[in-house]
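Take a look at the protein below.

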Amino acid sequence: MTTSVADETQVEHSSQKMVTLSLWQRVLRFSLVRELLIIFVFSLLTSLVTWPYVTRLRDAVAGPGDPYLVSWILWWDYHQTFTDPLHLFHSNTFYPYPYTLAFSEHCYGIALFLFPLFALGLKPLTVHSIAMFLGFVFSAYGAFRLTRTLTGSIGAAWVAGILFGFIPYRFNTMAQLVYLNSVWLPLLFEALYRFVQERTWKRAIWLGSAFLFCGLSSITWLLFSVIPFALIGAILLLRHQLWKDRLFWWRSGVALAGAFLLLLPFTL
């Protein structure tokens, strides 16, 4: 009798575990939930490796110079976009010189995602601190995605994400948000690879968007990525025999030309 009750209890526990496991498997089938969990893990790792920075996001900065400059640039991008967007580069510094925002990186591709924080009334230093924290997180996530796409290995993706996101060099750029935030570099090459694999409009638009935000975020990263982008594109064309594929040239051409036209006002 005792054995029977114990067996029933064990079976019940096993059934509960199976139900819980089944629920997790169903949840993880949704790609958005899965990606958010990955981002959450990288957020925890960022909190750990930068501790106690996460507790000082309101007004802490990593240095006495660049963080204040970049905080102002992010705020100016937001302010001028909703005040006088056609004169974005005519900032309120070095009067009467024009185009003074171009004396440094304009960071517009970074600031664009931070507009809601400014709209909520957060101070520029707070927004900068959050952006720096997210720079670690999403740089790691970008490398994770690229490696997962190339290898199909989740283990390799985690290793690449951790190495790229938290390499010692990145801690030396904590005062230079524009260089710390390198998420669009791996995402650009992942987008190129995925488009070569399947030449749909959806992937073409994603390729153009990645190229656009790589350039909008940092002119430096854009210049550094152009030559590798062209070389890797040529290698992939040879490997997949796509030189005569009109669909490839038409859709990638439209997407990249659109990105180039949107970048033109900023690069000029």
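The paragraphs below go from the overall fold to single residues.

This is a predicted model. Begin with the whole chain. The protein chain has 13 helices and 0 strands. Follow the chain from the N terminus, and the elements read α-α-α-α-α-α-α-α-α-α-α-α-α. The chain holds 268 residues, and 41% of them are buried. Its exposed surface comes to about 15,600 Å². Carbon and sulfur atoms provide 69% of that surface.

Next, ask how the chain meets itself.

Now go inside. The largest nonpolar core contains 65 residues. Which residues have the most contacts inside it? They are F42 and L74. Stay with L74 for a moment. Set aside its neighbours within four places in sequence. L74 then touches C107, I110, A111, L114, F118, H128 and L177.

Y78 sits in helix 3, which covers residues 66-83. Is Y78 buried, exposed or partly exposed? Its relative accessible area is 21%. Buried means under 20%, and exposed means over 50%. Y78 is therefore partly exposed. Leave out its neighbours within four places in sequence, and Y78 is in contact with F115, F118 and A119. F118 is also among the contacts of L74. Y78 and F113 are 35 residues apart in sequence. In space, their C-alpha atoms are 10.0 Å apart.

How many cavities of 30 Å³ or more does a search of the whole structure find? The search finds 1. The volume of the largest cavity is about 30 Å³. Its lining is made of N181, S182, V183, W184, L185, C214, S217 and W221. By type, these lining residues are 5 nonpolar, 3 polar and no charged.

Turn now to the loops. Start with the loop between helix 2 (31-49) and helix 3, where P52 lies. A cis peptide bond links W51 to P52. Its omega is about 10°. Move on to the loop between helix 3 and helix 4 (108-111), which holds P96. Here Y95 and P96 are joined by a cis peptide bond, with omega about 10°.

Y99 lies in the loop between helix 3 and helix 4 too. Look at its backbone. Y99 is not a glycine, yet its phi is positive, at about 55°. What is its relative accessible area? The value is 52%. Exposed means over 50%, so Y99 counts as exposed.

The last stop is Q241. Q241 is placed in the loop between helix 12 (219-240) and helix 13 (246-267). Its phi is positive, near 55°, and Q241 is a residue other than glycine. Is Q241 buried or exposed? Its relative accessibility is 64%. That is over the 50% cut-off, so Q241 is exposed.

Go back to the picture and find these places again. Start with L74 in the largest nonpolar core. Then find W184 in the lining of the largest cavity. Finish at Q241, in the loop between helix 12 and helix 13.

Note on methods. Residues are numbered from 1 along each chain as its sequence is written. This is a predicted model: local features need pLDDT of at least 70, side-chain atom pairs count only at pLDDT 80 or more; totals for chains, interfaces and linings use all residues. Side-chain values use heavy atoms; hydrogens and water are left out. On a 1 Å grid over the protein atoms alone, a cavity is a set of points where a 1.4 Å probe fits but cannot get out, and a pocket is an open set with protein on both sides within 12 Å along at least five of seven lines; lining residues have an atom within 4 Å of a point. Grid points are joined across faces, edges and corners, and a volume is the space filled by probe spheres set on the points. Ala, Val, Leu, Ile, Met, Phe, Trp, Tyr, Cys and Pro count as nonpolar, Asp, Glu, Lys and Arg as charged, and the others, Gly among them, as polar. A nonpolar core is a set of buried Ala, Val, Leu, Ile, Met, Phe, Trp, Tyr and Cys residues joined through side-chain atoms within 4.5 Å. Buried means under 20% relative accessible area, exposed over 50%, partly exposed in between (1.4 Å probe, protein chains only). Contact means heavy atoms within 4.5 Å. Helices (H or I, at least four residues) and strands (E, at least two) are DSSP runs, numbered from the N terminus. Accessible areas come from the Shrake-Rupley method with a 1.4 Å probe; for residues, only the protein chains shown count as cover.
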